[in-house]
Amino acid sequence: MQAWQVHENGEPSEVMRLDDIETPTPGDGQVLLKVRAANINFPDALLCRGHYQVRPPLPFTPGVEICGETEDGRRVIANPALPYGGFAEYTVADAAAVLPAPEALDDAEAAALHIGYQTGWFGLHRRAGLEAGETLLVHAAAGGVGSAAVQLGKAAGARVIGVVGGADKVAVARELGCDVVVDRRAEDVIGAVKEATGGRGADVVYDPVGGEAYTQSTKVVAFEGRIVVVGFASGSIPSPALNHALVKNYSILGLHWGLYNTKNPKLIQHCNEQLTELAARGAIKPLVSERVPLTEAAAAVQRVADGVTTGRVTVIPGLTEGGAA
């Protein structure tokens, strides 16, 4: 089978190599899956660079989120078991963690539903307790993780403010349903959010960026507000001033979604049921901005790493370079 392999760490476009390798053999408790679609996540770039919290042995295949097909023909979503990632024709996954793919979504959309939307659901509902009528601020609102949080926030009845970088991303954030969109490249984020909230600030802040975005969050979080820390796409990990959290009465909540796989996997199944129901009634629908063939996966991972994409970029092994499946 064909699979992208990383033989040394570095930038995705430089270290990912398309190879012919043996189809993986499932281990105990694992299943073989034919990859129908593999969604690209920022952690895929971190895996290539050797900067992710999980460091599979070299060589490995990146791709942490797929829609696949079981040997008996069931359509499922799963997180591949590294080193056999999803940017390949076949992968393996732990059988206990395989979930049914929502019928309302096509393969690319289903592949994009898993990590980003589960992270958003856990962050907004399990960690922050977002309530209808509250104001939610989402950083990188036009990106893969942010766009999921925007849709989930709107589905929960929140007023959503999206922060993006650039006019093209402003348009995407508006289409996603943001009530207010702030272009951090053209506007003062702190001033704009305060103006949009009448000086009160946001009840919940969803931050997959870190760095300056986190600093801005602390300036605009409301009394008894909650900042959910879900990642550091900026490459800068902030050091919170706890005295500031004390005097402003806000909470800083960490979210590592992957921990639920081992700590409480039943919650992941419950979350998938909730997301499937939301998808069935059209309340959420992953924004898939690009569908690329397997041969273009390395370049696509690099674009995601560089932060120049909107929504989700998904690799379709059955797609030809001309765009036909």
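Helices α4 (residues 114-127) and α11 (residues 265-280) pack with their axes 10 Å apart and at an angle of about 100°. Axes here are lines fitted to C-alpha atoms, for helices over the stretch in contact, and angles run from 0 to 180 degrees between N-to-C directions. The two helices are therefore roughly perpendicular to each other. That label covers 65 to 115 degrees; under 35 counts as roughly parallel, over 145 as roughly antiparallel, and the rest as oblique. Helices (H or I, at least four residues) and strands (E, at least two) are DSSP runs, numbered from the N terminus.

This is a predicted model: local features need pLDDT of at least 70, side-chain atom pairs count only at pLDDT 80 or more, and totals for chains, interfaces and linings use all residues. Residues are numbered from 1 along each chain as its sequence is written, and side-chain values use heavy atoms, with hydrogens and water left out.

From α4, the residues Tyr117, Gln118, Trp121, Phe122 and Arg126 meet Leu267, Ile268, His270, Cys271, Asn272, Gln274 and Leu275 of α11. Contact means heavy atoms within 4.5 Å. By class, this contact has seven nonpolar, four polar and one charged residues. Ala, Val, Leu, Ile, Met, Phe, Trp, Tyr, Cys and Pro count as nonpolar, Asp, Glu, Lys and Arg as charged, and the others, Gly among them, as polar.

Trp121 and Phe122 also belong to an aromatic cluster, which ring pairs extend to Tyr260. Rings of Phe, Tyr and Trp (its six-membered ring) pair if their centres lie within 6.5 Å; planes under 30 degrees apart count as stacked, over 60 as edge-to-face and the rest as tilted. The count comes to two aromatic pairs.

| Ring pair | Centre distance | Plane angle | Class |
|---|---|---|---|
| Trp121 and Phe122 | 5.3 Å | 80° | edge-to-face |
| Phe122 and Tyr260 | 4.2 Å | 35° | tilted |

Trp121 and Phe122 are both buried. Buried means under 20% relative accessible area, exposed over 50%, and partly exposed in between (1.4 Å probe, protein chains only). Phe122 has 0% relative accessibility. Tyr260, at 14%, counts as buried.

Phe122 returns in the largest nonpolar core, which has 82 residues; Met16, Phe122 and Leu136 have the most contacts inside it. Such a core is a set of buried Ala, Val, Leu, Ile, Met, Phe, Trp, Tyr and Cys residues joined through side-chain atoms within 4.5 Å. Beyond its neighbours within four places in sequence, Leu136 touches residues including Leu124, Ala149, Ile161 and Tyr206. Another core, of 17 residues, lies apart; among its members are Val189, Ala202, Val221 and Ala245.

Helix α8 (residues 212-220) has Ala213, Tyr214, Gln216, Ser217, Thr218 and Val220 buried. The buried residues of α8 pack against elements including β8 (135-139), α7 (189-196) and β11 (202-207).

Now the backbone. Most residues other than glycine have a negative phi, and most peptide bonds are trans. The bond from Leu58 to Pro59 is cis, with omega near -10°. Pro59 is in the loop between α2 (42-49) and β4 (66-69). The bond from Leu82 to Pro83 is also cis, with omega near 20°. Pro83 is in the loop between β5 (75-78) and β6 (90-94).

Glu224, not a glycine, has a positive phi of about 60°. Glu224 is found in strand β12. Asn249 has a positive phi near 55°. Asn249 lies in the loop between α9 and β13, and is partly exposed, with a relative accessible area of 39%.
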